[in-house]
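Here is a short report on one protein model. Have a look at the structure first, then read on.

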Amino acid sequence: DGLVTVRTEKSTGYPEKKVYSITPLGMSALTAWVATTAPELPQSRSIFLTQLAWADLLPKEDLASLLDRYEEEVTMRLAMHREKVRRRPAAPDRTPRETFLWEMIAQHEIVMLEAELTWLARIREGLV
């Protein structure tokens, strides 16, 4: 559609590499998409929340086990994401605002998972 161009780079000992570049028409379409597309909210439904809705049926020990398993999963994902962010190469450095936005995008999952652990601690406190 004329939104991007592609060129092939040959490299000795490696497969050909395709390099894509956005065209002025593509940049215009991208800008319009960013400006007009409705933002997507984080997903609020999960299997865990359904389990939690029915968790009063469980004995105290089984409910504690469910919470423990969920906390382990969240903690593991948090550690993995922190490491991923630590290893991530620097964001494009075209403007200070762009650099800041890319850093905030990298931190988003960490903030969400930390909030999940805080919420989980409140559940545990309320069940005492």
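## The helix pair

At what angle do helix α3 and helix α4 pack, and how far apart are their axes? Helix α3 (residues 60-87) and helix α4 (residues 96-127) pack at about 160 degrees, with axes 9 Å apart. Helices here are DSSP runs of H or I with at least four residues; strands are runs of E with at least two; both are numbered from the N terminus. Axes are lines fitted to C-alpha atoms, for helices over the stretch in contact, and angles run from 0 to 180 degrees between N-to-C directions.

α3 and α4 are therefore roughly antiparallel (an angle over 145 degrees). The contact of α3 with α4 has 15 nonpolar, three polar and eight charged residues. Ala, Val, Leu, Ile, Met, Phe, Trp, Tyr, Cys and Pro count as nonpolar; Asp, Glu, Lys and Arg as charged; the others, Gly among them, as polar.

## About the model

This model is predicted: local features need pLDDT of at least 70, side-chain atom pairs need 80 or more, and totals for chains, interfaces and linings use all residues. Residues are numbered from 1 along each chain as its sequence is written, and side-chain values use heavy atoms, leaving out hydrogens and water.

## The hairpin

Strand β1 (residues 4-11) runs antiparallel to strand β2 (residues 14-22), and seven bridges join them. Two strands pair if DSSP finds at least two bridges between them. Val-6 of this pairing sits opposite Tyr-20 in β2. Two residues lie between the strands of the hairpin, where Gly-13 has a positive phi near 85 degrees.

Technical notes:
Angles under 35 degrees count as roughly parallel, over 145 as roughly antiparallel, 65 to 115 as roughly perpendicular and the rest as oblique.
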